Amino acid sequence: MATAAPPVPEPDDMDCSVCHEQYVQPKLLPCGHLLCHHCLLSWLQSQDQALCPLCRCAIVDPEERGQKSVQDVADGFPTDLAMADLVEAHRLLKQSHSCICEDAAATCLCLTCGDLFCESCRKIHLKMKVTRNHTVEDLTSLTADKVAGSQHAACAVHADKTTELFCPTHGESICHLCATSRHRCCPEVKDMEEKVKDARAVLAKLAVTLTEGEARLDKAIQQLDAHLTETEKQTKKAVAEIEAVCARLEKSVQDCRHRLNELAHSACSDVKEAVTETKTCLLQRRGKLTSHKHVVQRVQEAKNRDTVSTMTPVMQTRVGNLDCSATLPSGAKVVSKVTVVIDAEAVTRIEKELSGLGQAKVMSADLDIGLVPVLSFHDNHGKNIVLSNNKQTAERRGRGWDGGIVVASQPMVTNMLYEVIVDKRDALWRGWIWTGATTTPPDALTLPPHANGWPSAVVISNNSVNVNGGHTLDTNVGQKLLNVPEKSRVGVMLDKKRSLHLYINGDDQGEAAPSLPDPCFAFFDLWGPYRHITALPVRRIQ
């Protein structure tokens, strides 16, 4: 699926929304917008609730903010190197420069070596044998994007060398001299062109993921708009019915007419407000996807290879943590029908006094627009667990291997895979992740120290499946849970018969337990060497 190349930002797009100056060390916020590093610091210090000044999305969770200093929070956000390169290139073009001869103003720039020349020096530069093949262009015709792409980073160790290689072991761009010295024992050193090619392929997939997420959210928002329109139609229909009754009662029922109109509007307003809030939530989520897509596309189109290679893993992690689903809060309502109900007693009063009409009544229905659920963790979790990222990331802290249970906030839906990715594990220790499903809602759970022998759950480990703390099923479905490496995906799914299946890296490991009751809640236990997991978008299994 091809994506259009993003336009190079105009100067105004390079301005920070706080200081209104061009970015200085632009920091990438969770919503995908940018702030200067120093502006982010001042913004966090001046705001009780740290919200993005552009989209009002949370910059940092209150729990995380209470655990870290403002400096640590600001430093923890990645720098958008692609934007930093563009800003620096624009500043270079905007300034007046002298030629390297210092006798005249510079009129052109050598994109190969980065030197500025007047017309005389330009001719000399292009006549010299060593530099005759260099690319020299007029300053007036250069763009910030072209200048940024022409800058080759110098080696951090050997300043006179450019980086032509990449060491995956250390995550560093290096020169050929480094490869034969400091990195000679590294198992694999890649050519920078190969690394950049791989990175651009990853970025292309990220752009597709974000574009598809945008499309899902667009569809959901359109359907919410349709529900709002239908709600308004139902309101008008109810008001029309009321007007017809009141017309028959003429002047004697004017007070009744006014009261019933207010009731009809008031009855529907709560639903309209709820649907509008839901739409706002989805718009914010879409805004995150859009802003991140712009970042991904900007990095994808960046000419600076170090920028691409450095930013790609950052964006992989960021996009992986984004919610690309189009999920609504549970229990969202829409108006299905508005009817006018006249009390029986009121009929008698109407006959006597032509007053006392009944009330406007709203018949609501569950909001269902074909969206998939989302996996987030309930506040009732193990004592050593800290939640972040909208409760979609769980980290086990503190001493000991226990206290790491997290439970899904919402009940499982059949044929939907509830999956997490293993972010961190201690490679020095052996162990496994427990997973499965509990039949008790999380707000009513008394969590054990670890999942083994849990009395109200089906617990899958590497060598057994235990049901409700007693009966152990004879199956090896979980044998691959032992020593699951980092970046692996672990999940559970209920099929149409409500049998529980274990999935590892997208592969069905088989049925773990049959005929689970409704409701069931997926859980994961970060036991032993496992320290950090992140929920992935819930997806349908056909």
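## Cysteines

Cysteine 324 is buried, at a relative accessible area of 4%; here buried means under 20% relative accessible area, exposed means over 50%, and partly exposed is in between, with a 1.4 Å probe and protein chains only. Cysteine 101, by comparison, is partly exposed, with a value of 28%.

How many disulfides does the structure hold? The count is zero, where a disulfide is taken as a pair of cysteine sulfur atoms within 2.5 Å. Cysteine 101 is in no disulfide, and the nearest cysteine sulfur belongs to cysteine 99, 3.4 Å away.

## About the model

You are looking at a predicted model, in which local features need pLDDT of at least 70 and side-chain atom pairs count only at pLDDT 80 or more, while totals for chains, interfaces and linings use all residues. Residues are numbered from 1 along each chain as its sequence is written, and side-chain values use heavy atoms, leaving out hydrogens and water.

Let's turn to an open sheet of three strands, ordered S4-S3-S5 with antiparallel pairing. Strands (E, at least two residues) and helices (H or I, at least four) are DSSP runs numbered from the N terminus, and two strands pair if DSSP finds at least two bridges between them. The edge strands, S4 (116–117) and S5 (136–138), each pair on one side only. Strand S3, residues 108–110, joins S4 in the antiparallel sense over two bridges, and leucine 109 stands opposite leucine 116 in S4.

Helix H5, residues 119–127, lies across S3, S4 and S5 and runs at about 160 degrees to S5. For that angle, axes are lines fitted to C-alpha atoms, for helices over the stretch in contact, and angles run from 0 to 180 degrees between N-to-C directions; contact means heavy atoms within 4.5 Å.

## Backbone details in the loops

Lysine 391 has a positive phi near 65 degrees and is found in the loop between strand S11 (385–388) and strand S12 (393–396). Its relative accessibility is 36%, so lysine 391 counts as partly exposed.

Arginine 498 also has a positive phi, near 65 degrees. The loop that holds arginine 498 runs between strand S19 (489–494) and strand S20 (500–504). Is arginine 498 buried or exposed? With a relative accessible area of 18%, arginine 498 is buried.

Finally, a cis peptide bond joins aspartate 518 and proline 519, with omega at about 10 degrees. Proline 519 sits in the loop between strand S21 (507–513) and strand S22 (521–525).
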